[in-house]
Amino acid sequence: MSIPDYNKVQLARSILSEIVSISRRKITIMEFCGTHTHSIFRSGIRDILPENITMLSGPGCPVCVTDNRDIDYCISLSSMPDTIIATFGDMIRVPGSLKSLQDVRAEGKDIRVVYSSMSALEIAENNQDKNVIFLGVGFETTAPTVAGSIIEAEKRGLDNFFVYSMHKLTPPAMKAILDLGEVKLDGILGPGHVSTVIGSEAWNFLARDYAIPVSIAGFDIIDILLGIKMLVEMIEKGEPKVINTYLRAVKPSGNRYALDIMNEVFDVTDSYWRGLGMLPYSGLKIREKYRRFDASVQFPVEVKECVENKICRCGEVIRGVISPVECLLFDKICNPGNPVGPCMVSSEGTCSAYYLYGARR
Amino acid sequence: MNEEKITLSYGSGGRLTHKLIKDIFIRHLDNSILSQMNDSATFELNGRIAFTTDSYVVNPMFFPGGDIGRLAVNGTVNDIAMMGAEPLYISLGVIIEEGLLLEELEKVVISIKDAAEEAGVKVVTGDTKVVEKGKADKLFINTSGVGVIPEGIDIRGDNARPGDLIIVSGTIGDHGIAILSERGALGFSASLESDTSPLNRLVASMIDTVPDIHVLRDPTRGGLAETLNEIAQASNAGIEIYESEIPVKGAVKNACDLLGLDPLYIANEGKLIAIAPEERVSLLLDIMHSSQYGKDAKVIGKVTGSHPGIVALITKLGAKRILDMPSGELLPRIC
């Protein structure tokens, strides 16, 4: 059931006034998820919250946390003969060491934007004389559908469909940020989509081990404000718990079916995150059983020395240590038309949210 | 179904080329100027002329609510109409990829004919080329057009003035999302149609009653956000729009939510933005509401003296933020 717009605004205002009335302490809340970041900026939630509540954006943008070496690897894959790269749109503008997939597409490489890994499967089916490599980027939300595509490719007997898995798991990233201790967080707005798959219980360790309250929220203005209100309540009472405010989508144990498919195809592995470095058990690799679909095994292409832009501060933005406006490149050289780092590219990136929604002026 | 395909020999100038032009183009588009078959079309025009050109490369060629042919006529008709001009004559250049079904080409040409009739314009000159497989994507169309601007009309993108109100003629984002849906990008059918429509008759009735409209623009590629930014910059004026007032169909909103898109940046092909002095707006809305192309018209914001060159959006929560130009590739090409 959807709430009519007018009532929604009334409801949002009343939740906001509750937040104002219960909030006493000066607190910092991190929204983990990039889609939350964009929703918050788009609706102007940051501007209407009381001044004692600071919202900080977290690492929940899959493209942003993808390592430079992985981008370079994708570009090398695209240079192989008879190869079609299928990818989500966000990936193609991310600069690697020397160029982006968009640049090599302009040079004539066959790179196609898809909205789902199943579309990549269709491309493979229709181009049996080419190798089709899907760039597997995304968290627990995306990984099950990619796993499903691999299972489907096996069913259809496709021998020209491959996946380069750069999938990552979210709880280890949240843990890494807390362990680093660079930012002091009083509460965490938990990711709604990810939690739909992994379940609210997956975040229990935050309340238990770190005494930080978590509230899992959807992406509507009401969802987000309600999530913030629950956090403020827990913080003020000093009762850290995991509260699920996205009840219409998130179950305590998540989506068993999606998790089973993901586990069938992928195994947990250590993974390198931009900004956070190597995190143990934080990535997904394709299991031995499905290795014939694994582009990293089938096409061990060479990646030349990786070059990082030393001035770009995406890493610190991802960890919530600095705001994008503190980066020297922001708005001066780096903008969505000429992104230096991935945080400016992705529709979930923090720099892009700051830029698009006018925090620069 | 007729499986006959267009081959390179249809474009090499011989008998097949003539057959193609005669049997498909002339047959459906014929009029007294076109049938003269001279190297140029000749006609008389009086007054200030509006002259425009646009190319159409939409994929897929056929989509709910229209096809590339209807789009190619309406796009050019609307660009002329946005100057307050009455569109009269258009040219039609087609680049065909070898292998296109003759039947598909004919379907597009029939739809060009229908669209031209609906808009009241004539196709008076044309050109056909066939290129090798892979050198084009089925069918590319270019149309140019001319129209006459009535005496005393001065409608331009740099004409927005503080105090003016901003009207949009109907729901936004329909075309872009219909195209995405037809491509299967949504993974489900959005039951949406492209809004591709000729707006010249609507515009004629608007300027007939309110000749002092300051700005007319059709927010095509880049959507409402791009067009408003262009107007704000050209007019060196600030623009303020209200999120709660912007008409968006439920299906468009839902599809955008799912794909992480913003309807404000999605293409339209049958909508216009009108900017006019506040005291003229209620009359203008009455006129618009009586047309099928403007029945959902409403005021969405105003032109201000503050923040020149910048478009601000007042969100539903009452926060004010910048509505920026879109940047880079938002979607695969859709118009």
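This note covers a predicted model, taking the chain contact, a helix pair and a domain contact in turn.

1. Contact between the chains. Chain B places 17 residues in contact with 22 residues of chain A. On the side of chain B that touches chain A, strand β13 (residues 320-322) of chain B gives the most, with three residues. By class, that side of chain B holds six nonpolar, seven polar and four charged residues.

2. A helix pair in chain B. Helix α5 (residues 200-209) of chain B and helix α8 (residues 281-289) of chain B have axes that come within 9 Å and cross at roughly 150°. Angles over 145 degrees count as roughly antiparallel, and α5(B) and α8(B) are therefore roughly antiparallel to each other. Their crossing is right-handed.

3. Residues between these helices. From α5(B), the residues L202(B), S205(B), M206(B) and T209(B) meet L283(B), L284(B), I287(B) and M288(B) of α8(B). This contact of α5(B) with α8(B) has six nonpolar and two polar residues, and no charged ones.

4. Domains of chain A. The domain assignment divides chain A into domain 1 (24-300) and domain 2 (314-356). The C-alpha centres of these two domains of chain A lie 18 Å apart. Their contact takes 26 residues from domain 1 of chain A and 18 residues from domain 2 of chain A.

5. The domain 1 side of that contact. In chain A, the elements giving two or more residues to the side of domain 1 that touches domain 2 are α2 (34-43), β2 (53-60), α4 (62-65) and α9 (170-180). Helix α2(A) gives the most to this side, with five residues. The residues of this side of domain 1 of chain A divide into 14 nonpolar, eight polar and four charged.

Terms used: Residues are numbered from 1 along each chain as its sequence is written. Chains are lettered from A and ligands numbered from 1 in the order in which they are written. This is a predicted model: local features need pLDDT of at least 70, side-chain atom pairs count only at pLDDT 80 or more; totals for chains, interfaces and linings use all residues. Two residues are in contact if their C-beta atoms, placed from the backbone, lie within 7 Å. Helices (H or I, at least four residues) and strands (E, at least two) are DSSP runs, numbered from the N terminus. Ala, Val, Leu, Ile, Met, Phe, Trp, Tyr, Cys and Pro count as nonpolar, Asp, Glu, Lys and Arg as charged, and the others, Gly among them, as polar. Axes are lines fitted to C-alpha atoms, for helices over the stretch in contact, and angles run from 0 to 180 degrees between N-to-C directions. Angles under 35 degrees count as roughly parallel, over 145 as roughly antiparallel, 65 to 115 as roughly perpendicular and the rest as oblique. A crossing is left-handed if the near helix is turned anticlockwise from the far one by less than a right angle, and right-handed if clockwise. Domain bounds come from an automatic or database domain assignment.
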